[in-house]
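Hello,

Here is the structure I promised to pass on to you. Have a look at it first, and then read my notes below with the picture open beside you.

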Amino acid sequence: MPSIGLILTPGFADWEYAFIAGTAAPYYGIETRFFTPMQGQGQFRSMGGLAVTVEDGLQQCLDWRPDVVAVIGGTLWEQRDAPDLNSFLRTARANGAGIAGICGGTLALARAGLLDTVAHTSNGAEFLQDNAAGYHGGALYQASPRAVASEGIITAAGTAPLSFTCAVFAAVGLAPETIAEFQSMLTAESA
């Protein structure tokens, strides 16, 4: 069964993971699990105030070996004491996982050096330069309103949760026609 590991932190953005978590398993047979880099895991709240309990840490995610690891954005990623995911992301990548980041989650990918050699996007080129020490991928940055997928790395601005979900679904092997149908359903009201 295809699988996606969603990485959440305190202040995570409610809208950025919702399409994945709400549709992957019940409609498409994609197993999803939640993980956190926070010491002791436990309970925290989303940006919108949703209280969650995430029981598994990053080592459990590595042990599970999902097809894609998706770092969800939120308020914590821009702070000086943001979790260091460098080793975790590099290990997950070495294990064959696709790595995805949306909004502030792209900062974790940039800090790990995963955006230095692939086309990518985020909330803005300055956002990565100002908030990700050691980021050297500026020449490959794409100012895109949609998710960008390149060589197993998926990135998106916080305003692109639908195309982010579609790119993650493609990375776990969901059929292109199924992804197109999913996208069509969710964009019908604005057509």
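C103 sits in the loop that runs between β6 (98–102) and α4 (105–111). Its phi is near 55°, a positive value in a residue that is not glycine. Is C103 buried or exposed? C103 has a relative accessibility of 15%, so C103 counts as buried, the cut-off for that being under 20%.

Please keep in mind that this is a predicted model.

R65 is not a glycine either, yet it has a positive phi of about 60°. You will find R65 in the loop between α2 (58–64) and β5 (68–71). R65 counts as partly exposed because its relative accessibility is 49%.

Now step back to the whole chain. The protein has 7 helices and 8 strands, and its C-alpha trace spans about 40 × 40 × 35 Å along the principal axes. How does the radius of gyration fit a compact globule, and why? For 191 residues such a globule would have a value near 16 Å, and the protein has 15 Å, so the two agree. Of the 191 residues, 53% count as buried. Among contacts with a separation of 6 or more, 64% come from residues 24 or more positions apart.

About the surface: the accessible area is about 8,600 Å², and carbon and sulfur atoms hold 50% of it. As for charges, there are 8 positive and 17 negative ones, with their mean positions 6 Å apart.

Finally, the aromatic rings. How many aromatic pairs are there? The count comes to 8. One of them joins F35 and W64, a tilted pair with 5.8 Å from centre to centre and 35° between the planes. This pair links distant parts of the chain, since F35 belongs to strand β2 (residues 31–35) and W64 to helix α2, 29 residues apart. F35 has 0% relative accessibility and therefore counts as buried.

Another pair is F169 with F182: the ring centres are 5.5 Å apart and the planes meet at 55°, so this pair is tilted. F169 is in helix α6 (residues 161–171) and F182 in helix α7 (residues 176–187), so the pair ties together parts 13 residues apart in sequence. Both F169 and F182 are buried. There is also one aromatic cluster made by F12, Y17, F34 and F44.

Enjoy exploring, and write back with any questions!

Best wishes

Notes. Residues are numbered from 1 along each chain as its sequence is written. This is a predicted model: local features need pLDDT of at least 70, side-chain atom pairs count only at pLDDT 80 or more; totals for chains, interfaces and linings use all residues. Side-chain values use heavy atoms; hydrogens and water are left out. Helices (H or I, at least four residues) and strands (E, at least two) are DSSP runs, numbered from the N terminus. The radius of gyration is taken over C-alpha atoms; the globule rule is 2.2 Å times the number of residues to the power 0.38. Buried means under 20% relative accessible area, exposed over 50%, partly exposed in between (1.4 Å probe, protein chains only). Contact means heavy atoms within 4.5 Å. Accessible areas come from the Shrake-Rupley method with a 1.4 Å probe; for residues, only the protein chains shown count as cover. Lys and Arg count as positive and Asp and Glu as negative; His and the chain ends are not counted. The place of a charge is taken as NZ of Lys, CZ of Arg, CG of Asp or CD of Glu. Rings of Phe, Tyr and Trp (its six-membered ring) pair if their centres lie within 6.5 Å; planes under 30 degrees apart count as stacked, over 60 as edge-to-face and the rest as tilted.
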